[in-house]
Amino acid sequence: MRVVSGIQPTGNLHLGNYLGAIRNWVRMQDSLSDGGTCLFFLADLHAISMPHDPAALRRATLEMAAALTACGIDPARSILFNQAQVPQHAELQWLLAGTARMGWLNRMTQWKDKAGKNREGASVALFTYPVLQAADVLLYQATHVPVGEDQKQHLELARDIAQKFNTDFAETFALPEPIVPPAAARIMSLRDGLAKMSKSDASDMARINLTDDVELVMQKVKKAKTDPEPLPSEPAGLAGRPEALNLVTIYAALADITPEAVLAEHGGQGFGTFKPRLGELLVETLRPISARFTELLADQHALDAILASGAAKARELAIPTLDATYRALGLVR
Ligand code: TYM
């Protein structure tokens, strides 16, 4: 089993990232003690596909390394690194660019959303973004890729690229399987139950950041958009109530129980009663993570050393597949 996944070091780690992906990374790491390898990386090369400030990117890279470690990624057991220190990612991207089709990339919803109406003004990197993402996982022969729902389409594209390359040239890549948590695949904004919780949301009230303090968490939950009805006693009663559904989903994921169990306990309650309970559960989950985060962030040298040592291991694992790709394409080196 080869587990590979990444996160962009832009902005804060939020509850959607944590419940949709990172918690699964930690669980996979913990269950794999000797039967496989986990590689987790900061997708800093992806981060330059949108306008960015270099100093902020450098800071966010270290913060994200600290945040992942605080969530339970153990650099002694998992390979933790940033893409920019492993040039094989960018190299393989170019080799795969001959296989990826314009039509495939044109259909990517993230491209359509982020480029919006201004396609002519979008960066080339934003368009080819999914090819780099394919390189990220194919480079390591990934078998399992734990991600939230929104990344499934990119993973399907990675499979298409791998399949076409294997057929056109030589059997080179394993086909990666996306692993999406059934319960928390898509955590929604606290201000709009139809929009996903996102780092790029203009309103900070829309998301819970893993570094928010107790008061802020309680305030964000209190102010979260809801409807005037009490909670139903079964999930069917959440139909057409996206904000209520989102809060129940978050509660269930945090408590590690089903939405049915949440409603069996809290059905009939109004949000005035339910929200403080949810807030407490959030605070309980975040408190140890944010304490550890602050501690880790104080030692920048230690974080740099973690990333450098992870990158050295990643480069070593990347070389055989990259060599095989050059060979399959008839490129003489
Ligand atoms: P990114 O940085 O946007 O998000 C990191 C992970 O968090 C998940 N996620 C969510 N899950 C549930 N609900 C939400 N509201 C939510 N928001 C984010 C994402 O699905 C993701 O798993 N392109 C990727 C990074 C990447 C990558 C890769 C991932 C680069 N290369 C290779 C996997 C494999 C991204 O921008 O994720």
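# Chatting through the predicted model

Modeller: The chain has an accessible surface of about 15200 Å², and 54% of that belongs to carbon and sulfur atoms. Keep in mind that this is a predicted model.

Colleague: Okay, noted. How many helices and strands does the secondary structure of the chain come to?

Modeller: There are 13 helices and five strands. The radius of gyration is 21 Å, close to the 20 Å that the globule rule gives for 333 residues, so the chain is as compact as a globular protein of that length.

Colleague: And what does the C-alpha trace span along its principal axes?

Modeller: About 70 × 45 × 40 Å.

Colleague: What share of the residues of the chain count as buried?

Modeller: 49% of the 333 residues. On contacts, take those between residues at least 6 apart in sequence: 76% of them join residues at least 24 apart.

Colleague: Let's go to the ligand. Which residues come nearest?

Modeller: Gln8, Tyr129, Asp136, Asp150 and Ile187, out of 27 residues around the ligand.

Colleague: How much of the ligand's accessible area does the protein cover?

Modeller: 96% of the 710 Å² that the ligand has on its own.

Colleague: Which elements each supply at least two residues of that shell?

Modeller: β1 (2–7), α1 (15–31) and α7 (124–138) each do.

Colleague: And how do the shell residues divide into nonpolar, polar and charged?

Modeller: Twelve are nonpolar, eleven are polar and four are charged.

Colleague: Changing topic. I'm looking at leucine 307. Where is it found, and is it buried or exposed?

Modeller: Leucine 307 is in helix α13, residues 300–328. With a relative accessible area of 3%, leucine 307 is buried.

Colleague: What does leucine 307 touch, if we skip residues up to four places away in sequence?

Modeller: Eight residues: Leu42, Thr61, Leu62, Ala65, Leu80, Phe81, Asn82 and Gln85.

Colleague: Let's follow Thr61, then. Which helix is threonine 61 in?

Modeller: Threonine 61 is in helix α3. Its relative accessibility is 9%, so threonine 61 counts as buried, the cut-off being under 20%. With residues up to four places away in sequence left out, threonine 61 touches Pro9, Leu42, Asp44, Asn82 and Leu307.

Colleague: How far is arginine 58 from asparagine 17?

Modeller: They are 20 Å apart in space, C-alpha to C-alpha, and 41 residues apart in sequence.

Colleague: Now a loop residue. Where does serine 198 lie?

Modeller: Serine 198 lies in the loop between β5 (177–179) and α9 (214–223). At 14% relative accessibility, serine 198 counts as buried.

Colleague: What does the side chain of serine 198 make a polar contact with?

Modeller: With the side chain of serine 200, at 2.8 Å. Serine 198 is also in contact with His14 and Arg207, leaving aside its neighbours within four places in sequence.

Colleague: Last topic, backbone angles. What is phi of glutamine 141 near?

Modeller: Phi of glutamine 141 is near 55 degrees, a positive value in a residue other than glycine. Most residues other than glycine have a negative phi. Glutamine 141 is in the loop between α7 and β4 (144–146), and a relative accessible area of 25% makes glutamine 141 partly exposed.

Colleague: And what about phi of aspartate 256?

Modeller: That value is near 60 degrees, positive again in a residue other than glycine. Aspartate 256 has its place in the loop between α10 (242–255) and α11 (259–266).

How values were computed
Residues are numbered from 1 along each chain as its sequence is written. This is a predicted model: local features need pLDDT of at least 70, side-chain atom pairs count only at pLDDT 80 or more; totals for chains, interfaces and linings use all residues. Side-chain values use heavy atoms; hydrogens and water are left out. A residue is near a molecule or strand if one of its heavy atoms lies within 4 Å of it. Accessible areas come from the Shrake-Rupley method with a 1.4 Å probe; for residues, only the protein chains shown count as cover. Helices (H or I, at least four residues) and strands (E, at least two) are DSSP runs, numbered from the N terminus. Ala, Val, Leu, Ile, Met, Phe, Trp, Tyr, Cys and Pro count as nonpolar, Asp, Glu, Lys and Arg as charged, and the others, Gly among them, as polar. The radius of gyration is taken over C-alpha atoms; the globule rule is 2.2 Å times the number of residues to the power 0.38. Buried means under 20% relative accessible area, exposed over 50%, partly exposed in between (1.4 Å probe, protein chains only). Contact means heavy atoms within 4.5 Å. A polar contact is a pair of N or O atoms within 3.5 Å; within protein, one must be able to donate a hydrogen and the other to accept it, and residues adjacent in sequence count only if both atoms are side-chain atoms.
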